[in-house]
Amino acid sequence: LWSYAILTGLGPSVVRAALMFSFLHTGKLIKRSANSINSLLASAFLMLVINPLYLFDAGFLLSYSAVFYILAYYKDLYNLFNISNPVLERIWALTVVSILAQLGTFPFIIFFFGRIPVLSLVSSLYAIPLAFIIITTAILLLLTSPIPVLPLLIGKILFLETKILISLAGAVSSLPFSVFETPHATVYKLFILIITLPVITSYLLKDEKVHPHLAFISLVLILL
């Protein structure tokens, strides 16, 4: 995992993943269970100790906010529907991940980019499986590099897979209303969203833990 992180340039999102899984697997090695959110926050703390300026990096904020929402709310949202069909269950699981990632990153997306990707739920259904296939093919390409001819064939397959992913992304982004343009959020609005969105999400998915009045006040703040 760390070899992959170094190979890809030690970007904030990759380092976050490597650190987090290092904490989780270290816990398993020493026979102690590790809380996923604690591991996520510990990796964020270490990254900020190494480089405090990560706090202002878009990749750092988008990565951590998305993963935090997925870890915090995945089970609650997933369990809303009991799906027995394995194909539909897999589609629902990917949809849940996409919904939560979009919710978590929403404040930072409008702050940094001033736009909302409306069709990201659709794109995740093909992007996540294709990304896994591409990474697997790339690793296979590295492992077979000393063998004559074979890497050329795998390289062509990798190129085709990447081309398909880019073509699909372009097709979805070109659809009408695929992106909703919005004014960039101010820092004040950003903090309002960061505080209120988890309150409303927790009320909808974990209603016993959030008072209705608090959820109502959060909704009013967002509308204002």
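Predicted model: local features only at pLDDT ≥ 70, side-chain atom pairs only at ≥ 80, totals over all residues.
The side chains of Glu181 and Arg115 meet at 3.2 Å, N to O.

Are the two partners buried, exposed or partly exposed? Glu181 has a relative accessibility of 48% and therefore counts as partly exposed, and Arg115, with a relative accessible area of 39%, is likewise partly exposed.

## Helix α7

Helix α7 covers residues 150–173, a run of 24 residues. From its first C-alpha to its last, helix α7 reaches 35 Å, which is close to the 34 Å expected at 1.5 Å a residue.

Which residues of α7 are buried? They are Pro151, Ile154, Leu158, Glu161 and Val172, and the buried residues of this helix pack against α6 (120–143).

## Thr196 in helix α8

Thr196 is found in helix α8, which comprises residues 187–205. Because its relative accessible area is 2%, Thr196 counts as buried, the cut-off for that class being under 20%.

When its neighbours within four places in sequence are left aside, Thr196 is in contact with Ser218, Leu221 and Ile222. Thr196 in helix α8 is thus described by a buried position and by contacts with these residues.

How values were computed:
Residues numbered from 1 in each chain as written. Heavy atoms only, no water. Helix = DSSP H or I, 4+ residues; strand = E, 2+ residues; numbered from the N terminus. Expected span 1.5 Å × (residues − 1). Buried < 20%, exposed > 50% of the residue type's maximum accessible area, 1.4 Å probe, protein only. Contact = heavy atoms within 4.5 Å. Salt bridge = Lys/Arg side-chain N within 4 Å of Asp/Glu carboxyl O.
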